[in-house]
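Keep the sequence and the 3D view open as you read.

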Amino acid sequence: MKQLQTWGRTWGPLLAIALVAVALLMVAPAVLSPFRLNNLGKYVCWAIAGVGIGLAWGRGGMLVMGQGVFFGLGGYAMAMHLKLEAAMASGGPDAVPDFMVLYGDGTMPGWWEPFRSGAFTLAAIVVLPALVAVVLGWAIFKRRVKGAYFAILTQALAVVFATLLVATIKQTGGFNGLNQFTQFFGYNLYDPVNKRMIYSIASVALVVCLVLVWQLYRSRFGELLVATRDAEERVRFLGHDPANIKLVAFVLAAVMASIGGALFAPITGIISPSDVDATASILLIAGVALGGRALLLGPALGALAVGFGRTTLSETFPDQWTYFLGLLFIVVILFLPAGLGSMWSQALGRLRSSRPTPTRASAPTPTDELEVAR
Amino acid sequence: MDAFTTPLLAGTATGALLLIAALGLALTFGQMGVINMAHGEFLMAGAYTTYLTQQVVTSTDLSILVALPVAFLVAGALGLLLEVAIIQWMYRRPLDTLLVTVGVSLLLQQLAKDVFGAQGDPVHTPGWLDGNIDVLGYHWPFRQMFTIVLAGAALAGLGALLRYTAYGRRIRATVQNRDLAETMGVSTRAVDRVTFFVGSGLAGIGGVAVSLISGTNPNLGTTYIISAFLVVVAGGLGQLRGTVIAAFAVGVVTAFFTDWFSSSMAQVLTFALVVVFLQLRPQGLFTVRARGLA
Amino acid sequence: MFQSRTRFATGTVLALTAALSLSACGGSKSGEASASSASCVDTSGDTIKLGFLNSTSGAMAISEQTVRDSLSLAATQINAAGGILGKKIEPVVEDGASDPAVFAEKIEKLLTGDCVAAVFGGWTSASRKAMLPVVEADNGLLFYPVQYEGLEASKNIYYTGATTNQQIIPAMDFLKSKGVKTLFLAGSDYVFPRTANKIIKQYAAELGIEIVGEEYVPLDDDDWTTQVAKIVEAKPDFVFNTINGSSNVGFVKAYYEQGLSAKTTPIISVSIAEEEAPAMGKDVTGQFAAWNYFQSVKSPTNDAFIKAFQDEYGADRPTSDPMEAAYTSLYLYKALVEKADSFDVDEINDAADGVTFDAPEGTVTIDGENHHIAKTALIGQINADNQFDVVWSSEKPIEPDPFLEGYAWWDPSAE
């Protein structure tokens with residue numbers, strides 16, 4: 001019996017991830033129309049960002065309310081490359097994006113130049129958000145700013161980021177964002193076969209992120225992260241620097257959001273400030289809260305559900321969607337703080353042993369966060 | 001000269017508005033550790049109250065004066081309702097409260113959209129506020145002076161409540177050490193409710209002032225709330241003077257950045273300044289130092 | 001042993017994933033032909049599906065709902081009169097949710113899922129830019145009903161609102177005729193105002209009008225105090241207002257607050273219409289607006305349009321330029337199909353040049369080259385009833401010129 005439990009704890013999550021992989025990569029392409037599959041691809045991008053939020057918020061206790069910023073860094077980096085690719089395909093190697101000719105003086109800012117290279121873009125999608133997150137995280141965590149302060153600062157960051165994008169029309173396309181891509185690393189973006197390929201890339205990225213996070217949660221780092229969430233001072237007394245632990249989780253979450261954004265651009269064909277602002281960031285949080293912030297699969301499945309709900313509910317009840325979203329926050333956080341997924345793991349826990357085992361993923365009651373406030 | 005007076009005076013008025021909005025936030029955050037993301041929608045409620053008052057009280061000159069207490073009561077009642085219905089169940093989960101109130105904020109915005117329409121409704125400025133005085137080249141509108149007076153009155157009123165009344169004593173006791181206050185027979189639950197009512201009511205008053213700037217619209221709360229939060233963060237908790245200084249600092253600095261660069265850049269730079277400031281004083285300008293504060 | 005076994009398992013899952021995804025990656029490089037644009041429009045029945053794609057939620061809902069209403073009205077009228085080529089219109093409505101990405105998603109659904117023959121809608125340039133590549137890839141049709149910043153022409157889009165040479169440039173001609181010497185530009189910080197002001201600045205130089213200031217405020221920002229103070233200081237003859245949405249209220253209030261008025265420093269706006277004028281909370285009598293349609297336009301067609309609209313949606317509902325342009329767009333589509341005698345996009349495009357409709361604003365004609373329509377420019381002055389008295393007109397329809405190729409002073413690459 002004991003052995004069976006260990007076996008389940010080790011292999012169960014992996015089996016679940018494998019199921020997700022099969023569902024996304026085999027079942028979905030077989031049963032969905034190309035249009036719906038593309039929609040699913042969009043949700044998958046949000047789910048990738050959601051996995052990162054689960055890591056930072058669910059396990060690390062950092063309520064990241066501005067993940068849209070990192071989603072946007074990746075999205076815009078990719079979109080800049082796609083824009084240049086489209087320009088170069090029609091206008092030669094020195095061509096500049098159409099909107100710079102239309103709205104500007106036809107010259108391209110120097111910092112766009114390296115994005116002509118696909119390799120540079122791919123590197124930037126990882127390095128850029130990591131750099132921003134390191135600088136910001138360092139400034140915030142080292143000074144022990146946390147709890148609600150941290151949440152407010154990240155949200156303000158999202159607002160500021162969107163404002164900056166809207167105001168820089170000649171550099172980033174402003175309110176219109178970047179769109180009208182034609183190809184994706186040489187592949188025609190309007191060929192259904194290629195669209196399916198990008199969808200698959202997104203799905204693979206999600207699965208890889210899940211496996212990575214699963215390994216992290218099993219590791220010593222995962223233990224420390226949860227410990228920091230629940231009792232930061234005690235971790236400090238034990239000789240660890242909580243700032244470093246939080247920083248790693250924050251940076252990983254940022255990179256995941258960035259990868260999600262980078263795939264969002266080719267899948268939807270557009271990235272604009274409304275995809276990365278405070279409201280968009282809140283939507284990312286909604287999925288994670290719904291699915292179960294501290295669970296392995298909760299954030300990803302929750303993000304998929306919220307994306308799906310957004311499409312179907314807004315098709316059926318265009319005016320009521322905001323009510324659903326608002327109620328979702330209230331009901332889930334108030335009554336099911338550990339998310340829908342927690343019901344599943346509780347049931348599983350009961351199945352495993354007669355006495356309910358307190359699972360590691362259970363909802364945090366972080367009274368410690370009151371610290372700054374009390 | 002007016003390159004200096006305009007941002008200074010206009011910024012002071014913006015700061016006064018931020019102060020009214022931030023006072024309530026600082027109060028509830030300082031005492032209960034609750035961040036109310038729906039605070040901006042209480043501002044919106046104050047603005048719509050002004051609009052509705054003007055439908056009933058047809059004399060524009062009077063209507064604003066009538067709207068002030070009404071808006072205080074309406075927003076205060078909304079706050080009380082929020083406290084009783086939701087927040088009191090989750091005082092031990094501050095971050096979750098923040099998220100729940102995000103949901104409340106979405107609901108209220110959509111509700112306003114459905115009830116009043118997405119197009120804003122007009123709010124008329126009374127005649128005695130419709131004018132300006134030339135201060136070194138800046139035509140300083142009476143409306144801005146009124147906002148500053150209003151902020152001063154709100155601050156004085158709140159200060160008097162905290163300092164001279166029995167409730168104020170209880171509030172201060174609760175802020176400094178909740179458990180000890182409870183031990184001494186203070187019903188901290190009741191105190192929390194009063195604080196929430198007063199804090200939300202202040203947002204209603206702020207809403208009246210905002211409606212004179214931009215009329216009403218369902219997204220009105222979101223415009224000011226982020227700046228108000230930054231004020232609270234920079235001002236520190238537990239003492240009003242931090243909030244006051246931070247509010248006027250943010251207002252004036254933003255106005256100067258707007259004058260020098262643009263409104264968009266001003267938002268960006270002000271945020272950057274607050275982050276830098278937190279490097280110097282991570283707890284904000286002032287904070288109450290007491291044992292209970294850990 | 002335990003560790004290595006999990007590592008093996010992890011590897012297996014990843015390998016499985018990789019294998020699964022490879023099977024989906026038979027992609028074709030650009031240039032290789034792909035057969036995606038075969039139309040799925042069903043023209044065999046006695047109805048024809050048309051998509052109405054407007055935001056009924058989000059920030060743009062207030063504006064776009066009015067467009068949706070007038071589209072529905074036009075569809076009802078056309079159906080009552082026998083439909084298009086004898087087929088009744090079957091509207092498929094979708095919500096763009098004020099989000100460009102949603103517009104792109106929904107137009108794809110309408111064109112490839114619902115197989116509509118044409119889509120009507122969009123408001124912001126962001127939504128149009130998002131839909132453009134989709135409608136081109138699917139070789140569909142989009143009718144876009146709002147005045148915009150020009151510099152665009154797609155064979156798959158018909159633009160029934162004004163382009164800049166039918167609104168901005170006539171407004172400047174009007175200012176010149178008023179003897180305006182100095183002009184101040186105030187706008188929201190996004191694409192339309194920035195582009196409009198670029199054109200205004202170059203044309204002003206041509207006309208000998210001096211630009212004495214240029215200020216922008218973010219879309220959602222209501223505080224115009226500092227910027228209006230600069231207008232007070234610059235003392236311009238006129239203010240050219242390209243502010244969008246609710247930010248107008250903050251601007252107008254700050255403007256009157258600091259002692260400006262229509263007598264001393266009038267405003268000419270390009271986004272304040274019959275709907276917006278009463279929502280300012282200020283008496284805006286005497287201020288100006290440049291459009292191609294006002295509710296006050298006197299013509300039998302307009303009287304009939306206003307009556308039908310108010311019978312349907314209430315007597316208190318004003319009619320405005322974008323609503324009229326949307327209404328017109330559906331009738332233009334009907335005329336296009338009937339001239340082409342087909343619902344096929346290519347055949348419609350071949351027949352497009354010169355198709356006309358006697359619209360409420362006057363007769364409009366499609367330009368087969370750029371798919372914009374010739375419209376008459378009007379300047380209105382707000383009266384005490386929040387209606388616009390037409391004080392200036394271009395007299396005859398202006399040929400659309402979205403890229404301003406016919407204007408020698410226009411240099412797109414200048415700052």
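## Confidence

In chain A, confidence is lowest in helix H15 (residues 341-352), at a mean pLDDT of 74. It is highest in helix H11 (residues 242-268) of chain A, at 96. pLDDT is the predictor's confidence in each residue, from 0 to 100. Helices (H or I, at least four residues) and strands (E, at least two) are DSSP runs, numbered from the N terminus.

This is a predicted model: local features need pLDDT of at least 70, side-chain atom pairs count only at pLDDT 80 or more, and totals for chains, interfaces and linings use all residues. Residues are numbered from 1 along each chain as its sequence is written, while chains are lettered from A and ligands numbered from 1 in the order in which they are written.

Chain A averages a pLDDT of 88, and 93% of its residues score at least 70. Over residues 354-374 of chain A, pLDDT stays under 50. Where pLDDT is low, the predicted coordinates should not be read in detail.

## Helix H14 of chain A

Helix H14 (residues 321-335) of chain A has 15 residues.

Which residues of H14(A) are buried? They are A:Trp321, A:Thr322, A:Leu325, A:Gly326, A:Leu328, A:Phe329, A:Val332 and A:Ile333. They lie on the same side of H14(A), because they cover an arc of only 150 degrees around the axis. The arc is that of the directions from the helix axis to the C-beta atoms. Buried means that 20 or more other C-beta atoms lie within 10 Å of a residue's own, with C-beta atoms placed from the backbone.

The buried residues of H14(A) pack against helices H12 (278-291) and H13 (298-316) of chain A, together with helix H4 (94-116) of chain B.

## Where the chains meet

39 residues of chain A are in contact with 38 residues of chain B (C-beta atoms, placed from the backbone, within 7 Å). Helix H6 (147-167), H12 and H14 of chain A each give two or more residues to this side of chain A. H6(A) gives the most, with 13 residues.

## Chain B

Chain B has 11 helices and 2 strands. Buried residues make up 59% of the 294 residues in chain B. Its C-alpha atoms fill a box of roughly 55 × 45 × 35 Å, taken along the principal axes.

Technical notes: Contact = placed C-beta atoms within 7 Å. Expected span 1.5 Å × (residues − 1). Buried ≥ 20, exposed ≤ 12 C-beta atoms within 10 Å, placed from the backbone.
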